[in-house]
Structures are given as structure tokens and as C-alpha cells.
Amino acid sequence: PELALLFCSDRATGGAHPQLFRMSADGRGKYRLLTEAGCVLYPQPDGTLVGALQDTAAGGETRLVRARPNPANPRAEWVVEWLAPELRHLDFSADAVPFGGGLLFTATDSAGLTDVFRLLPGTDSVMRLTHDPWFETGVSVDPGSPDGPVVYARWGVTRMEGDLSAAFAAGSDLYAIPLDGGKPKRLTTDPQVDRTPQVRGAVVVFARGSGEGEEEGLMELYLLDLGTLEEVRLTRNDWNDLEPNLTRDGTRLCWQSEEYGHYEMNLRTMDLATRRERVLVDAPGRDTNCHWTPDGRAVVFTGYRTGDANLYLVPAEGGAELPLTRLRSHEAFIGFLPEPTRGSTRAEK
């Protein structure tokens, strides 16, 4: 009850573009925070959000922003501050993670090169961590470590085209780089694709395989020791296991499993100490984008049950699902905010 959920929804625009909303942890009290297009914003320790939105006054460019609540109405009235105008030439992706009062993200420059960047805490100063011709995605860092490193996937292509087949054919490996930049360290050398790393402490969980399309089932989950670079295979199936997400303490894992096919995904969890695996959600349709609550007692996910994408919450040990959104729109979970205790709620619901 002390947490609010941030989520992205196109409900107010009739599907034209997504905007940022919040709601209480039980699915009540939904409010639109921002009217700008986009919702790649992430909570900071000071209660603000940082990320990227479309600046319609600048021709729809995607720019870095910081959003702050209006103290008189913190549930529903937020103000946007546009950051780093000198970075307008960058095309920001949805690939970002908050860290230490700042943000780690990937962006493509005017030359078409995609690299890893860092918005420094409490500033609008941006540091470019990588300077190479390869395409990079999947930034991750342990939120509890002040020293990093930043782990990401480097693809064997210079640009990511709309068709991923060329990128999968070229493969990708995981790299690590210090938070203040420096020489990247190669972590994996497999000829297949290594992607979507999740860092906790000295270990990284990631997906590896040669394809994840609807006619393929070739992605599995692995665990990597950052010190020894020893790898352990966590799943061994004839279907895709994708999008791993770890609890804050790194002891448990949830992910998206395609046991019944590309359009019948369910959610699974694993205790990393015992390797005990269980099906968490096994409802008809697609269940994706699983995220642990901060206390690890529940999982928030996106479920496609009626053709729309709505948010659900389920206890970590399984049980009845709580539908958090029920409208005919598409919603995606972003993160958690402290629930404000004061202020009116006169803004649009």
C-alpha cells in the first residue's frame, strides 16, 4: 500500500501514442502524470523521474527530461524539465535503467551509431561510456552497487535494422564497462546471441540462442560469474525462455516462457540457490514483462487476455491474480514510486 506503480498507457490518446500514468498498488486511483508522448521515465531516489519524452515544440524529437511532482497535488500534477539541449541529435531508445540518482541508457547519434550513455546524478550532464562502431543494447547494473560495472550486449552489426535476422546471424556478446568509462571487458564469446543481461552482485543472468521468432524456440537462460566468467545453463528446453528479471537480492528469477508457443507465453520463476523452477502464471494468452515488487513478495506483469495488454499482480508463490488495469488499451509496467500521503487528486483520472 505504500507504493505506487508507474505504467505506460495509450488509453487517453485512443491508441495514438503512450503516456505516463500512476496507480496505487491495488490497482485503484489511476492518474495521468504527463500529457507528453512517450513514457521512458524511471524513478529516482529524490522522488523525481528521469528519462526521455517527445518534445512536440522541437518537431517531435525525443529528449532527456526530469519530471517533478507539484507539491499541492503530487498524485496527478507533474512538471517536465527538458535536459541537455545539446543532445537533441541523439535518438534515445527505451533501453534504460535508473542508477544512483542518474540514468544509464543507449542512444543512436547522428552518424547512426548506438552507444551506452550515462546521465550523471543530480545534473543534466551526460557521459558517453562507449565509443565504437557496434550496436549496443540491454544496459544493466546492480542497483545496490555504487561501483558498477555496467553490463550490456554488443551486436556484430553497426546498425539494427527492422528485420532482426541479420543481427541474430551476426551474434552478440556481453561486455562490461566501469561507470566512469574506460576500456570495455568482453564477458562472453559464444557465436550465438547473448542479450538482456540482468546484474546482481557478482553474477549476470542473460538469454542466449540463435532465434526467438514465432517459428523458433532457441533461446535459453544462463548465469555468468563476473569474477571467473564461468557460465551455468539455467534452462534446457525446446522453446524460448526470454526476458529474465531478478529480485533485488538476486536470489530469485522470473522470466517469459514459450512452452506453448510464441503466442501462448507463460511466466516461470526459479530459486537460484536450489534451481527449483515453477510455473507462476499459466493462463491462456501471452504473459510477459515480469517485474518483482521491491520486497520480492509479488510479481507485476503484462497479460494479453482479450487482445489488449493489461497489468496484473500475482503472489510470488503463486495464487489468484489481481487485475490492476481493465481497459481496452495497451499498458506496460515502468517502475515503483513511493505513494504520496498528501495533496488533492483533482486532476483527470
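These legends describe close-up views of one predicted model. Residue numbers start from 1 along each chain as its sequence is written, and side-chain values use heavy atoms, without hydrogens or water. Because the model is predicted, local features need pLDDT of at least 70 and side-chain atom pairs count only at pLDDT 80 or more, while totals for chains, interfaces and linings use all residues.

**View 1. The largest cavity and its lining.** The count comes to one cavity of 30 Å³ or more. A cavity is a set of points on a 1 Å grid over the protein atoms alone where a 1.4 Å probe fits but cannot get out. Grid points are joined across faces, edges and corners, and the volume is the space filled by probe spheres set on the points. The largest cavity holds about 30 Å³ of space. Its lining, meaning residues with an atom within 4 Å of a point, consists of Val40, Gly51, Ala52, Leu64, Phe92, Ser93, Ala96, Leu103 and Phe105. Strands S5 (49–55), S8 (91–99) and S9 (102–108) each supply at least two lining residues. Strands here are DSSP runs of E, at least two residues long, numbered from the N terminus. S8 gives the most, with three residues. By class, the lining has seven nonpolar, two polar and no charged residues. Ala, Val, Leu, Ile, Met, Phe, Trp, Tyr, Cys and Pro count as nonpolar; Asp, Glu, Lys and Arg count as charged; the others, Gly among them, count as polar.

**View 2. Leu64 and the largest nonpolar core.** A nonpolar core is a set of buried Ala, Val, Leu, Ile, Met, Phe, Trp, Tyr and Cys residues joined through side-chain atoms within 4.5 Å. Buried means under 20% relative accessible area, exposed means over 50%, and partly exposed lies in between (1.4 Å probe, protein chains only). The largest core has 31 residues, of which Leu20, Leu34, Leu49, Leu64 and Phe105 touch the most other members. S5 contributes the largest share of this core, four residues. A second, separate core of 29 residues includes Leu187, Leu223, Leu234 and Leu242. Setting aside residues up to four places away in sequence, Leu64 touches Gly51, Ala52, Glu81, Trp82, Leu83, Ala84, Leu87, Phe92, Leu103, Phe105, Leu119 and Val126. Contact means heavy atoms within 4.5 Å. In soluble globular proteins, nonpolar side chains tend to be buried together.

**View 3. Phe135 in its loop.** Phe135 lies between strand S11 (126–128) and strand S12 (136–140). Phe135 is buried, with a relative accessible area of 13%. Beyond its neighbours within four places in sequence, Phe135 contacts Thr114, Ala153, Arg154, Trp155, Val157, Thr158, Arg159 and Met160. Arg154 is 19 residues from Phe135 in sequence, and their C-alpha atoms are 5.9 Å apart.

View 4. Thr123 is partly exposed, with a relative accessible area of 27%. Gly101 is 22 residues from Thr123 along the chain, and 9.2 Å separates their C-alpha atoms.

**View 5. The open sheet S24-S25-S26-S27.** Four strands pair antiparallel in this order. Two strands pair if DSSP finds at least two bridges between them. S24 and S27 (322–323) are the edge strands, each pairing on one side only. S25 (residues 298–304) is mostly covered, with six of its seven residues buried. Five bridges link S24 (residues 286–292) to S25, and Trp292 stands opposite Val299. Their hairpin has five residues between the strands, and Gly296 takes a positive phi near 75°. Seven bridges join S25 to S26 (residues 309–315), where Thr302 stands opposite Leu311. The S25–S26 hairpin has four residues between the strands, and Gly307 takes a positive phi near 95°.

**View 6. The open sheet S3-S2-S1-S28.** This sheet also has four strands with antiparallel pairing. S3 (31–32) and S28 (331–338) stand at the edges; each has a single partner strand, so one side of each lacks a neighbour in the sheet. Two bridges join S2 (residues 19–24) to S3. Phe21 stands opposite Arg32 in S3.

Conventions: 1 Å grid on protein atoms, 1.4 Å probe; cavity = no way out; pocket = protein on both sides within 12 Å on 5 of 7 lines; lining within 4 Å.
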